[in-house]
Each structure stands twice: as structure tokens, then as C-alpha cells.
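Visitor: Good morning. I am new to this structure and would like to be shown around it, please.

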Amino acid sequence: MFRAAFRSSLSPLARTAPATFRSTPSSLLFRRLLSDDARNRIQKAVEASPLVLFMKGTPAIPQCGFSRAVIQVLDMHEVPREKMQTYNILEDQELRNGIKEFSDWPTIPQLYVNAEFVGGCDIVLGMHQSGELEKLLQESNLIPKHPDAEPSSPSQPASS
């Protein structure tokens, strides 16, 4: 019902708008729909925890394979749950749509580390495979650095 009313309110605009507006991708039209209040709430959520994941479902019960894959990667790196905040976008339609505009990323899940957008499932998996994710998590103090990753000092010659 809301969607039909929304579309009908846009139809007169589309008919009277200049050709450049009509040819603009619909994603640009919808960018204006995220209110300042919603944008501020998302920004506060992203800043509230060192690692924030917007996902479908919960870490215990992911509701899509991509969300499950990101949770599994974070679990493999042993990211402590107390350093992680997750948001189930299926529970909040405004968040579900707003987070996509906020990050300018069209898919869920979305991972943020230290309030910086990292990426979706494909980016997280690629970073995991290349070792970049572990490095990012270590540099962000989300996981400890491995002792064998520390550069060792050269051996000192024995004195006689």
C-alpha cells in the first residue's frame, strides 16, 4: 500500500521532470530518502563498537548464506563477541534500506571496523584469503597479534 502510494506520488514528477532527471538512475533518486535522523542513528551504531556487522539474522542464526559466511570468517579469526555488534536488518525495514544508502553498497552483509566501511561478503572473503583481514583485525586490536608474526631480532654473537 505504501509502495503504491509512493510510486503514484513520483509519477507526476517523472512526467514533468526534465529529461536529465528522468534518465538519472533510480538509486540517485532514492538517496534522498534517508533522513538525517536515520543517517545519524546509523553513524552512531557504526561508531558504538570496534566491529559492526549489518546482517540478515543473528550470529547464532544467520538468515542468508552470505551473512553466515562473514560470521564464519570472523569466528575463524576468533573475534570476541564483546568487541562485535551485529544488527539484524530483517527486523527494521528503515535500517535495511538505509544502510545500503549510508554505505553506498547495495548488498547485505556489511562490515565496519573502527567506523570504516570494509565491504560485503565478497570483499571480506577476499581479504580473508589474502591475509588482509587478519592484519586489519590485529591493527584494530580486535584480535591479538600472533607471536610468530613479530619480527625477530637478529642473533647476537656469543662473547668469548
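**Aromatic residues and strands**

Guide: Trp105 is partly exposed, as its relative accessible area is 23%. Please keep in mind that this is a predicted model.

Visitor: Which residue forms an aromatic pair with Trp105, and is that pair stacked or tilted?

Guide: Phe117 pairs with Trp105, and the pair is tilted, with 5.5 Å centre to centre and 55° between the planes. Trp105 sits in the loop between helix H6 (93–103) and E3, while Phe117 belongs to strand E4; the two are 12 residues apart and link distant parts of the chain.

Visitor: Is Phe117 buried, exposed or partly exposed?

Guide: Phe117 counts as partly exposed, because its relative accessibility is 27%, and buried would require under 20%.

Visitor: How many aromatic pairs are there?

Guide: The count comes to 5 aromatic pairs. One of them joins Phe54 and Tyr87: the ring centres are 5.2 Å apart and the planes meet at 20°, so this pair is stacked. Because Phe54 lies in strand E1 and Tyr87 in strand E2, the pair ties together parts that are 33 residues apart in sequence.

Visitor: How accessible is Phe54, and how accessible is Tyr87?

Guide: Phe54 has 0% relative accessibility and therefore counts as buried. Tyr87 is partly exposed, at a relative accessible area of 23%.

Visitor: Which residues form the aromatic cluster?

Guide: One cluster is formed by Phe54, Tyr87, Phe102, Trp105, Tyr112 and Phe117.

Visitor: Turning to the strands, how many residues of E1 are buried?

Guide: In E1, 5 of its 5 residues are buried, and the strand is mostly covered. Leu51, Leu53 and Met55 point one way, whereas Val52 and Phe54 point the other way.

Visitor: In which sense do E1 and E2 pair, parallel or antiparallel?

Guide: E1 (residues 51–55) and E2 (residues 84–88) pair in the parallel sense over 5 bridges. Between them the chain passes through helix H5 (residues 65–76), and this β-α-β crossover is right-handed.

Technical notes
Residues numbered from 1 in each chain as written. Predicted model: local features only at pLDDT ≥ 70, side-chain atom pairs only at ≥ 80, totals over all residues. Heavy atoms only, no water. Pairing = 2+ DSSP bridges. Helix = DSSP H or I, 4+ residues; strand = E, 2+ residues; numbered from the N terminus. Buried < 20%, exposed > 50% of the residue type's maximum accessible area, 1.4 Å probe, protein only. Right-handed = clockwise from strand over helix to strand, strands pointing away. Phe/Tyr/Trp six-rings, centres within 6.5 Å; stacked < 30°, edge-to-face > 60°.
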